[in-house]
Amino acid sequence: MAYTLPHLHTGWAVDQAILAEEEKVVVIRFGHDWDPQCMEVDDALSHIAEKIKNYAVVYLVDITEVPDFNKMYELYDPVTIMFFFRNKHMMIDLGTGNNNKIHWALTNRQELIDIVESVYRGARKGRGLVVSPKDYSTKYKY
């Protein structure tokens with residue numbers, strides 16, 4: 001289902017997508033299009049894209065095709081989701097210690113919607129760091 005989401009094929013296109021959007025959160029999935037984890041996340045993102053279209057826009061970037069941001073954003077994981085609002089990187093506290101991005105395959109559609117919505121609400125209030133509606137730290141898994 002990733003074919004329903006727009007792909008960005010150059011570093012310039014990624015920059016323009018982030019710069020051009022003034023009113024919505026820009027959600028970018030960095031990863032490999034052939035990776036199974038990315039395919040799961042892409043499927044979840046394509047299903048929620050219609051539901052979040054009023055306050056967010058979703059793009060996909062293959063980090064092999066567009067390596068420009070790999071070092072800048074430390075894109076070493078198989079799949080990474082990042083958020084931007086009005087040309088500013090939005091950080092989100094997920095309880096994992098890394099507030100810059102989601103660096104695992106988050107495939108629960110409702111959780112993705114909740115996270116994007118909380119990023120949008122925080123961004124509209126001028127916050128640069130938003131607290132996730134769910135704590136993803138390991139302390140509750142044992």
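Q: Which strands does helix α3 lie across, and at what angle does α3 run to β4?

A: Keep in mind that this is a predicted model. Helix α3, residues 109-124, lies across β2, β3, β4, β5 and β6, and runs at about 30° to β4.

Q: Why are α2 and α3 called roughly perpendicular?

A: Their axes cross at roughly 65° and come within 9 Å. The roughly perpendicular range is 65 to 115, so the pair gets that name. As for handedness, the crossing is right-handed.

Q: Which residues of α2 and α3 meet?

A: From α2 you have Asp43, Ala44, Leu45, His47 and Ile48, and from α3 Arg109, Leu112 and Ile113. Sorted by class, the contact has five nonpolar, one polar and two charged residues.

Q: How do you know which strands are at the edges of the sheet?

A: The sheet is open, with six strands in the order β1-β3-β2-β4-β5-β6 and mixed pairing. Strands β1 (7-8) and β6 (129-131) each pair on one side only, and these are the edge strands.

Q: What makes β2 and β4 a pair?

A: Two strands pair if there are at least two bridges between them. Strands β2 (residues 25-31) and β4 (residues 79-85) have six, in the antiparallel sense. Arg29 stands opposite Ile81, and Val26 has Phe84 as its bridge partner.

Q: How many bridges join β4 to β5?

A: Three bridges join them, and the two strands run antiparallel. Phe84 stands opposite His89 in β5. The two strands form a hairpin with two residues between them, and Arg86 in the turn has a positive phi of about 50°.

Q: Why is β4 described as largely enclosed by the rest of the structure?

A: Buried means under 20% relative accessible area. Seven of the seven residues of β4 are buried, so the strand is largely enclosed. That holds for both directions: Val79, Ile81, Phe83 and Phe85 point one way, Thr80, Met82 and Phe84 point the other way, and all are buried.

Key
Residues are numbered from 1 along each chain as its sequence is written. This is a predicted model: local features need pLDDT of at least 70, side-chain atom pairs count only at pLDDT 80 or more; totals for chains, interfaces and linings use all residues. Side-chain values use heavy atoms; hydrogens and water are left out. Helices (H or I, at least four residues) and strands (E, at least two) are DSSP runs, numbered from the N terminus. Contact means heavy atoms within 4.5 Å. Axes are lines fitted to C-alpha atoms, for helices over the stretch in contact, and angles run from 0 to 180 degrees between N-to-C directions. Buried means under 20% relative accessible area, exposed over 50%, partly exposed in between (1.4 Å probe, protein chains only). Angles under 35 degrees count as roughly parallel, over 145 as roughly antiparallel, 65 to 115 as roughly perpendicular and the rest as oblique. A crossing is left-handed if the near helix is turned anticlockwise from the far one by less than a right angle, and right-handed if clockwise. Ala, Val, Leu, Ile, Met, Phe, Trp, Tyr, Cys and Pro count as nonpolar, Asp, Glu, Lys and Arg as charged, and the others, Gly among them, as polar.
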